[in-house]
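Please keep the sequence and the model in view while reading.

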Amino acid sequence: MKPIQMVDLKTQYQKIKPEIDKAVIDVLESSAYINGKPVHEFCANLAQYLSVKHVIPCANGTDALQIAMMALGLEPGDEVITPSFTYIATTEVVALLRLKPVFVEVDAKTFCMDAEALRKAITTKTKAIVPVHLYGQAANMEEIMTVAGEHNIAVIEDNAQAIGCDYTFSDGAKKKTGTIGTIGTTSFFPSKNLGGYGDGGAIFTNDDALAKKMTMIANHGQSKKYYHDIVGCNSRLDTLQAAILNIKLKELDNYIAARRQAADFYDAAFASDAKITTPVRAHYSNHVFHQYTMLVEGVDRDALVAHLASKNIPSMIYYPVPGHKQQMFASSGIGEYNLAITDWLTERVISLPIHTELEETQLIYITDSVLEFIK
Ligand SMILES: Cc1ncc(COP(=O)(O)O)c(C=O)c1O
């Protein structure tokens, strides 16, 4: 059996090596390392895949969120509502821009923003809502968009973990996550479902004016070379990364299918164990399984992690400290929070290896090892 990893990027690369190697050499020989042709080709292909009007490349998923918030023209002190149960990047940029993060509860089953909690958190200062499609499944966007629409508030979807995920509206219409709100953002961090071989990110929107502004912000606020109209930053997707991502985009649906197959195996193996709650699949979303995150109840989770590690099985806790308890926000005036569901989930989640290259022997070994400990 091959060693088990959380993500096996090497085997994945070997399967597409000739195409990737050629694309990399082509970039090297073109010497157009910044803003080369592959950047434009990749953005056009991704826009087509997502059915969205504009894809704006940038340096990583954190910058994508920051550029989106800068483009909305938010003022210091404006409130931005986000879940506390997410990766720190979602909320960090809020504080970085001197905005006020307002943390809301997630749904205990889907781990994503609870629309009722969102409704209660809205004040006259709320200027943006940032739902996160955590672990690869969509937040309840129809309800979130309804609440946002009632108050005319912009929605930025943090789609770093869910690229390729389909959301189904109650009338049966489908949209890709990241294209439903005012703006969508994503990350091409190597372990992501669509990952490069370094950092990368992108922003999506159907709004022409916002697209223009975000393109400027990502490029030092310039509309014309050396004419800087607004304050921006330097956030670019390398040509090399774009060339690699262009090849991997063609594989994205296959990658998602492989992840789903591994998740189905886990689901079936754990189905009858009362101490394990496998990921709930919401009726309005398919699941692209960026993570396979389950809940364990009545189990010493640290001991389970140690047991798996002793058998050379990695596992992760995403995330051990929720946003409202992070020291970095202590000076942001966020106040006291009582987020019982978030705290409850934080103590129970555990993520098992999931990627495109998992073999059945590995899955059997992982599930047997989990059940051996739990039973
Ligand atoms: C939910 C979420 N948002 C944002 C990011 C930030 O992406 P990046 O690491 O590319 O800056 C990540 C990446 O891990 C993420 O998982």
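## Contacts with the ligand

A polar contact is a pair of N or O atoms within 3.5 Å, and within protein one atom must be able to donate a hydrogen and the other to accept it, while residues adjacent in sequence count only if both atoms are side-chain atoms. The model is predicted, and for this reason local features need pLDDT of at least 70 and side-chain atom pairs count only at pLDDT 80 or more, whereas totals for chains, interfaces and linings use all residues. Residues are numbered from 1 along each chain as its sequence is written, and side-chain values use heavy atoms, with hydrogens and water left out.

A polar side-chain atom of Asp158 lies 2.7 Å from a nitrogen atom of the ligand. For Ser187, a polar side-chain atom lies 2.7 Å from an oxygen atom of the ligand, and a polar side-chain atom of Lys192 likewise lies 2.7 Å from an oxygen atom of the ligand. Taken alone the ligand exposes 390 Å², of which the protein buries 91% (accessible areas come from the Shrake-Rupley method with a 1.4 Å probe, and for residues only the protein chains shown count as cover).

## The shell around the ligand

There are 13 residues around the ligand, and Gly61, Thr62, Asp158, Ser187 and Lys192 come nearest (a residue is near a molecule if one of its heavy atoms lies within 4 Å of it). By class, this shell has 4 nonpolar, 7 polar and 2 charged residues, where Ala, Val, Leu, Ile, Met, Phe, Trp, Tyr, Cys and Pro count as nonpolar, Asp, Glu, Lys and Arg as charged, and the others, Gly among them, as polar. Helix H3 (61-71) and helix H4 (88-96) are the elements that give two or more residues to the shell; helices (H or I, at least four residues) and strands (E, at least two) are DSSP runs, numbered from the N terminus.

The secondary structure of the chain comes to 11 helices and 14 strands, and the C-alpha trace spans about 65 × 55 × 45 Å along its principal axes.

Most residues other than glycine have a negative phi, and most peptide bonds are trans. Asn35, in the loop between helix H1 (9-30) and helix H2 (37-50), has a positive phi near 60°. Asn152, in the loop between helix H6 (141-151) and strand E5 (154-158), has a positive phi near 55°. A cis peptide bond with omega of about 5° joins Tyr318 and Tyr319.
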